[in-house]
Amino acid sequence: MPYMVVADDKPGTAELRARVRPAHIAYLESHLERLIGAGAKLADDGTTAIGSLYLIDTDDRAEAERFVAEDPFMVEGVFSGFVATRWRKAILDGRSFIPRD
């Protein structure tokens with residue numbers, strides 16, 4: 001069962017986030033096989049990043065936590081921390097995966 005990891009940006013790190021973003025994107029793209037999905041959490045203005053969300057294809061909590069810990073956003077201090085939680089796919093990309101037993 002995959003893990004959902006939610007990370008929050010430290011206040012005042014917008015410039016750091018912008019500077020580290022190319023390395024962050026390269027990191028994610030080099031691990032596409034491990035990601036079900038990933039993206040920025042945004043403020044209500046729809047443009048200001050305030051964190052990130054990852055759906056990681058692993059059954060191992062330590063592996064999910066290690067994946068985010070090695071992300072340049074975490075390494076360089078953009079994130080204040082993160083929480084890893086098991087995630088069960090019910091609906092994704094307009095498709096239902098809900099068992100009908």
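**Exercise 1.** How many bridges join strand 1 to strand 3, and in which sense do the two strands run?

*Solution.* The model is a predicted one. Locate strand 1 at residues 3–9 and strand 3 at residues 49–56. Six bridges join them, and they run antiparallel.

**Exercise 2.** Find how strand 2 pairs with strand 3, and describe the hairpin they form.

*Solution.* Strand 2 covers residues 35–42. Seven bridges link strand 2 with strand 3 in the antiparallel sense. Within this pairing, Gly39 stands opposite Leu53 of strand 3. Next, look at the hairpin: six residues lie between the two strands. In this hairpin Gly46 has a positive phi near 80 degrees.

**Exercise 3.** Describe the surroundings of Asp71.

*Solution.* Begin with the position: Asp71 sits in the loop between helix 2 (61–69) and helix 3 (72–75). Then check the burial and charge: Asp71 is buried but has no salt bridge. A salt bridge requires a distance within 4 Å, whereas Arg17, the nearest side chain of opposite charge, is 8.4 Å away from Asp71. Finally, list the contacts, leaving aside neighbours within four places in sequence: Asp71 touches His24, Tyr27, Leu28 and Tyr54.

Technical notes. Residues numbered from 1 in each chain as written. Predicted model: local features only at pLDDT ≥ 70, side-chain atom pairs only at ≥ 80, totals over all residues. Heavy atoms only, no water. Pairing = 2+ DSSP bridges. Helix = DSSP H or I, 4+ residues; strand = E, 2+ residues; numbered from the N terminus. Buried < 20%, exposed > 50% of the residue type's maximum accessible area, 1.4 Å probe, protein only. Lys, Arg positive; Asp, Glu negative; His and termini not counted. Contact = heavy atoms within 4.5 Å.
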